[in-house]
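Good morning, and thank you for joining this group meeting. Please turn to the sequence and the structure as I show them.

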Amino acid sequence: MHFYSRTNHSRDRWWSLKKQNEIYMLKFFRRVRLKLIDEGNQKRYLVYAIGEILLVMIGILLALQVNNWNEGRKNYKGETIALMELRNEFDSNYKSFLRVLDRKKKAQEGLYAYLSLLSDDSRTTTQKAKIERGKVAIVSWDPGNAVLNSLLSTGNIEYIKNDSLKYLLHDWNRVIYGFDEHAITYKDIVYELYNYEKLKQPIRMLKNGNWSYIKSSNLKIQEYREAFIDDFRYHNLLINCVNGLDIQIRSGDGLKKEFDQIRYLLNKEIQNR
């Protein structure tokens with residue numbers, strides 16, 4: 001707070017001195033003009049008038065230059081603030097994105113391993129029915145893009161002078177939309193698997209944070225599972241889930257490259273200030 005009060009005091013003093021100088025110069029020019037008129041020296045008066053016009057023009061040009069300099073400083077400061085806020089936002093989104101992508105990769109590995117076991121002819125149906133299906137990872141990524149969207153909607157994105165960075169930021173929401181579309185499609189695939197399983201075996205209920213079957217169903221769960229564990233439709237549904245995860249992972253790997261490029265350019269721009 002003390003810093004701002006000193007700054008304002010210095011600025012007020014500067015304006016006061018500037019105003020006093022302007023008044024002094026106007027009085028000075030007025031005295032010279034009146035003196036030349038009284039002397040009746042038209043030639044000297046003409047030279048003086050031209051000089052006064054030139055001084056006024058120089059003053060206007062200097063004022064414009066100072067104004068442009070001040071605007072440049074404000075734009076530079078605005079760009080720096082925007083870059084730092086964007087970096088914080090992208091760093092936060094990047095961490096949450098990596099967690100989501102990691103869960104999808106682990107889910108794909110688990111389902112692929114499960115399918116490999118179901119395809120193992122050396123195992124009996126009873127043995128296969130005892131194996132629990134891997135997780136399908138219906139996990140969505142919801143990035144916070146408040147800073148970026150604000151810059152785009154207000155036009156303040158133009159503060160950023162790096163054209164490569166500006167292009168990537170303009171295109172960012174489209175890139176995210178593509179990843180989200182794959183996630184939405186995958187949910188439909190998983191729900192089809194869920195609906196199949198609900199018709200073939202009892203579903204578990206959640207009680208006190210734990211999943212379990214009701215007692216009567218728990219006694220027959222092995223029998224239910226043996227009835228469909230070798231069903232090719234069940235296998236196909238699992239394969240669809242593996243394929244859906246693969247599409248998301250490949251899309252996510254491409255998104256990660258975009259992330260890395262934007263974060264690199266943001267850090268580079270901030271470090272150069």
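I shall speak about the overall fold, then the core, then a few individual residues.

The model is predicted: local features need pLDDT of at least 70, side-chain atom pairs count only at pLDDT 80 or more, and totals for chains, interfaces and linings use all residues. Residues are numbered from 1 along each chain as its sequence is written, and side-chain values use heavy atoms, with hydrogens and water left out.

Let us begin with the fold. The protein chain has seven helices and two strands; helices (H or I, at least four residues) and strands (E, at least two) are DSSP runs, numbered from the N terminus. Along the sequence, the pattern reads α-α-α-α-α-β-β-α-α. Of the 273 residues, 30% count as buried. Here, buried means under 20% relative accessible area, exposed means over 50%, and partly exposed lies in between, with a 1.4 Å probe and protein chains only. Among contacts (heavy atoms within 4.5 Å) with a separation of 6 or more, 79% join residues 24 or more positions apart.

What is the size of the largest nonpolar core, counted in residues? It has 47 residues, and Phe-90, Trp-141, Leu-169, Trp-172 and Tyr-234 have the most contacts inside it. Such a core is a set of buried Ala, Val, Leu, Ile, Met, Phe, Trp, Tyr and Cys residues joined through side-chain atoms within 4.5 Å. The elements that give two or more residues to this core are helix H2 (42-118), helix H4 (146-154), helix H5 (163-200) and helix H7 (232-271). H2 supplies the largest share, 13 residues.

Lys-128 lies in helix H3 (residues 125-129). Is Lys-128 buried or exposed? Lys-128 counts as buried because its relative accessible area is 6%. Beyond residues up to four places away in sequence, its contacts include Asp-120, Arg-123, Arg-225 and Asp-230.

Ala-137 is placed in the loop between H3 and H4. Although Ala-137 is not a glycine, it has a positive phi of about 55°. With a relative accessible area of 11%, Ala-137 is also buried.

Finally, consider Leu-54, which lies in helix H2. At 47% relative accessibility, Leu-54 is partly exposed.
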